[in-house]
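Colleague: I have the sequence and the model open. Before I use the terms, I would like to hear what each one rests on.

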Amino acid sequence: MSNPQLTDVQKKINKKARHILRASKIWMMEFSQPQQPYRYIFHHIPKCAGTSAFDALTHWFICIKDYPPPWAWGNEDDPQAYEKFCNRPKNLANLCHYHILSGHYHLPGSFIHERYPSFLEQESYRLITFLRHPLQVQISLHYYEIRMKRISPQEPLEKHLLTRNNYLATVIPCNESNYKDVLNRYFFIGLVENYQESFEKLAALLKKQRIQVDNLNQSPRSRQRLSPGFLSEFEESNRLDYQIYNYAKTLYQQNAWL
């Protein structure tokens with residue numbers, strides 16, 4: 001479990017050390033084993049507990065980071081930095097069965113189907129992600145942007161939550177005509193609302209040891225009661241996101257992957 005008294009820097013150092021130790025252990029256990037036919041990709045959708053999922057996955061895999069560098073956006077010295085990242089995907093042929101590739105894949109140019117089109121064509125690639133209730137995703141984004149000083153703490157919550165409709169559909173990406181087909185491509189979709197249980201299901205599916213999941217990268221937030229009028233407007237404005245989430249929830253409840 002994480003220690004709340006540690007500074008952010010200390011937490012990052014401790015987390016990195018854990019990952020290195022786990023990676024060494026996994027390599028020693030798996031390197032001499034016969035290669036398995038599957039290769040894994042973790043679609044880390046922002047504000048869907050992906051940081052916690054990445055940490056948990058290091059118990060089972062050596063995680064290969066595939067995230068744009070922090071300087072990829074707004075870099076006046078290199079305005080093509082993000083484009084360069086998009087044009088330099090990882091070589092999937094170098095992945096082993098004990099690796100998992102991890103990235104956001106949430107912006108045009110780096111969407112998973114653009115960056116790695118072969119994963120659509122070969123059943124040997126298994127895509128894993130976690131989804132969250134659409135309202136909770138947006139609330140988490142709101143407080144994350146406050147923490148990162150992208151918006152003012154005085155920004156009215158309800159007003160801001162209505163400025164970015166169907167966020168999940170934008171970052172997956174999908175539309176009303178194909179969202180079921182897109183979700184059906186995933187090997188496993190867990191739910192943040194059933195996070196520990198999701199990892200237990202994933203462990204059974206992967207034939208891995210069960211683990212206790214930590215909650216990481218949480219932004220401070222205030223308790224605010226949302227008005228019934230806002231809730232109705234938000235649900236109507238984000239109808240596609242609710243369809244996506246409810247379909248993922250149906251797959252999860254039906255144990256579609258087991």
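Colleague: How do you know what the accessible surface of the chain is, and what share belongs to carbon and sulfur atoms?

Modeller: The accessible surface comes to about 14600 Å², and 50% of that belongs to carbon and sulfur atoms. Such areas come from the Shrake-Rupley method with a 1.4 Å probe, and for residues only the protein chains shown count as cover. This is a predicted model, where local features need pLDDT of at least 70 and side-chain atom pairs count only at pLDDT 80 or more, while totals for chains, interfaces and linings use all residues. Residues are numbered from 1 along each chain as its sequence is written, and side-chain values use heavy atoms, with hydrogens and water left out.

Colleague: Why is K207 called exposed, and why is A49 called partly exposed?

Modeller: Exposed means over 50% relative accessible area, buried means under 20%, and partly exposed is in between (1.4 Å probe, protein chains only). K207 has 75%, so K207 is exposed. A49 has 21%, and therefore A49 is partly exposed. Of the 258 residues of the chain, 48% count as buried.

Colleague: What is the phi of A49, and what is the phi of K207?

Modeller: A49 has a positive phi of about 60° although A49 is not a glycine. K207 also has a positive phi of about 60° without being a glycine. A49 is in the loop between β1 (39-43) and α2 (50-57), and K207 is in the loop between α10 (195-206) and α11 (228-237). Helices (H or I, at least four residues) and strands (E, at least two) are DSSP runs, numbered from the N terminus.

Colleague: What makes a set of residues a nonpolar core?

Modeller: The members are buried Ala, Val, Leu, Ile, Met, Phe, Trp, Tyr and Cys residues joined through side-chain atoms within 4.5 Å. The largest such core has 54 residues, of which F130, F199 and L202 touch the most other members. Helix α10 gives the most to this core, with six residues. Apart from it lies another core of 11 residues, including L161, F230, F234 and Y242.
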